[in-house]
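Subject: Handover of a structure

Dear colleague,

Please find below the structure that I am passing on to you.

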Amino acid sequence: MISSVVIVGAGHAGVQAAISLRQNGFEGAIKLVNNEPYLPYQRPPLSKAYLKGAGDPNTLAFRPAQFYADQRIELIGDRAIAINRAAHAVRLASGESLSYGHLVLATGATHRRLSIAGATAEIAYVSNLLEAEALRQRLQSVPRTLVIGAGFIGLEFAATARSKGAKVDVIELATRVMARAVTPEMSHYFQRKHEIAGITFHFGVQIEQIVQETDGFRARLSDGRDLAADLIVAGIGVQPNIDLAVDAGLSTASGIVVDANLLTDDPDISAIGDCTFFPSVHAHEGVRLESVQNATDQARCISARLTGKPHPYASLPWFWSDQGEEKLQIAGLAVGTDRTVLRGDPDGSSFSVFCYKAGKLIAVESVNRAADHMVGRKVLGAGKTIDPEVVADANVDLKRMIA
Amino acid sequence: MPNVIYVDSSDVQRTIDVADGVSVMQGAVANGIDGIVAECGGNAMCATCHVYVDEADLARLAAMTADEDALLDGAASERRESSRLSCQIVMTAGLDGLVVHLPERQV
């Protein structure tokens with residue numbers, strides 16, 4: 001039995017790994033390396049509720065400090081800088097070294113930075129608690145806001161800023177919102193709803209330069225137009241934090257490469273969460289997923305393996321995004337969709353897109369329609385499908401389709 | 001401050017002060033009550049904060065939304081008439097003494 005586990009990263013994956021190890025009866029030492037000066041905290045509220053609230057970081061903590069003490073999970077406030085695989089040790093920035101029986105890399109991902117001409121130091125990102133707190137304060141002065149990127153983070157932030165009365169412009173290089181992640185039908189729904197709320201979109205353009213003015217900034221777009229702004233926030237994707245793995249000679253691709261059991265090349269090192277590139281039984285290819293569900297389910301998977309109950313990782317991916325009044329939920333992965341069936345009214349306020357590939361249901365996107373989402377999770381989780389003709393029939397209650 | 005009584009699946013009880021405006025889920029998580037997981041942080045997305053509300057208290061609660069109703073179908077333990085998502089039960093003085101039973105599993 002392993003004597004000690006070191007977990008690098010105290011986000012959703014790292015914290016769940018520690019919690020699950022104890023729940024599964026692991027008695028050895030658990031050290032959780034946390035490179036931020038806060039108790040481990042949740043990420044989703046940073047683009048939403050936290051920005052609207054009073055700014056109390058305690059509302060974000062996964063668990064109070066006492067919890068870690070009670071569970072004998074040692075929180076180490078430091079940053080891992082190197083892995084010595086032969087010595088089974090992790091060196092920290094402070095110079096300390098942590099020995100491990102097993103090492104879990106839960107290092108997450110970091111926001112990509114915009115590199116353009118001009119005042120780029122003024123571009124804000126919704127990345128961590130420190131940055132979110134600065135944004136929360138900025139929003140109080142109701143700034144003219146420019147959001148770069150119409151992905152989940154950009155839209156969540158845009159909706160939050162708009163709800164505080166800010167004028168909001170969103171620029172996006174693609175021709176629709178959330179282009180990487182949702183079907184065109186769902187993109188159009190969200191664009192319509194955000195526009196009704198007063199957000200202005202600019203598609204097919206990118207920002208070329210930012211110029212400081214006496215009063216705010218001027219952003220020059222690639223189509224020659226200028227947009228004035230007091231606050232510029234970018235949400236243009238993330239990059240997995242793989243440096244530790246790369247330096248240690250572990251395989252990496254668009255993430256730390258792990259096998260079906262979430263083990264790296266090294267039998268004493270696992271990786272979980274946003275930083276991993278793993279074989280997905282749902283996508284039938286290697287993927288990197290950025291979601292709370294993937295982080296927590298992968299954490300549970302390795303904790304089971306480390307306490308004697310290994311099983312391949314096969315959890316169904318699911319995801320949510322709250323944008324203003326709109327609750328988007330996605331079950332499964334829509335990669336390769338060749339047919340969609342709609343349920344509900346895409347011109348109303350609640351509908352779902354059932355995504356099929358070669359006749360089989362592979363994903364369900366739902367907005368304000370949690371019942372369809374839960375049907376999707378159940379059916380897809382069981383490896384089953386629903387006949388498209390049944391889905392298309394509004395008179396059928398899909399709940400009856402589940403045994 | 002109003003009290004919530006959490007009864008786990010082995011009938012062990014703990015009485016916790018849960019302030020007005022704080023959810024039954026947050027009260028559990030802040031006080032080390034194991035039987036509530038709250039993976040999605042209180043967003044009515046994960047159904048891992050599932051509780052069975054004591055019969056005597058059911059009528060005291062505000063009605064559940066369609067979203068909560070849908071999510072409860074996804075709970076790991078059996079759904080009953082008394083099932084609620086504890087992240088959606090917000091404490092008030094009127095709910096003092098609320099008793100909730102924790103299911104065997106949340107995942």
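In this predicted model, β21(A) supplies three residues to the lining of the largest cavity, the largest share. Strands (E, at least two residues) and helices (H or I, at least four) are DSSP runs numbered from the N terminus. A cavity is a set of points, on a 1 Å grid over the protein atoms alone, where a 1.4 Å probe fits but cannot get out; lining residues have an atom within 4 Å of a point.

The largest cavity has 13 lining residues, and nearest its centre lie F278(A), S280(A), H282(A), Y313(A) and S315(A). Two or more lining residues come from each of β21 (276–280) and α8 of chain A. The lining comprises eight nonpolar, five polar and no charged residues; here Ala, Val, Leu, Ile, Met, Phe, Trp, Tyr, Cys and Pro count as nonpolar, Asp, Glu, Lys and Arg as charged, and the others, Gly among them, as polar. The volume of this cavity is about 60 Å³, taken as the space filled by probe spheres set on the points, with grid points joined across faces, edges and corners.

There are two cavities of 30 Å³ or more.

Helix α8 (residues 292–306) of chain A has 15 residues and spans 21 Å between its end C-alpha atoms, close to the expected 21 Å (1.5 Å times one less than the number of residues). Because 15 of its 15 residues are buried, α8(A) is largely enclosed by the rest of the structure; buried means under 20% relative accessible area with a 1.4 Å probe, protein chains only. At its start, a side-chain oxygen of S291(A) comes to within 3.1 Å of the backbone nitrogen of N294(A). Just after α8(A), G308(A) has a positive phi of about 90°.

In α5(A), nine of the twelve residues are buried, among them F152(A), L155(A), E156(A) and F157(A). G165(A), with a positive phi near 95°, follows α5(A).

Residues are numbered from 1 along each chain as its sequence is written, with chains lettered from A and ligands numbered from 1 in the order written. Local features need pLDDT of at least 70 and side-chain atom pairs pLDDT 80 or more, while totals for chains, interfaces and linings use all residues; side-chain values use heavy atoms, without hydrogens and water.

With kind regards

Definitions and conventions: Buried < 20%, exposed > 50% of the residue type's maximum accessible area, 1.4 Å probe, protein only. Polar contact = N/O pair within 3.5 Å; in protein donor to acceptor, adjacent residues only side chain to side chain. 1 Å grid on protein atoms, 1.4 Å probe; cavity = no way out; pocket = protein on both sides within 12 Å on 5 of 7 lines; lining within 4 Å.
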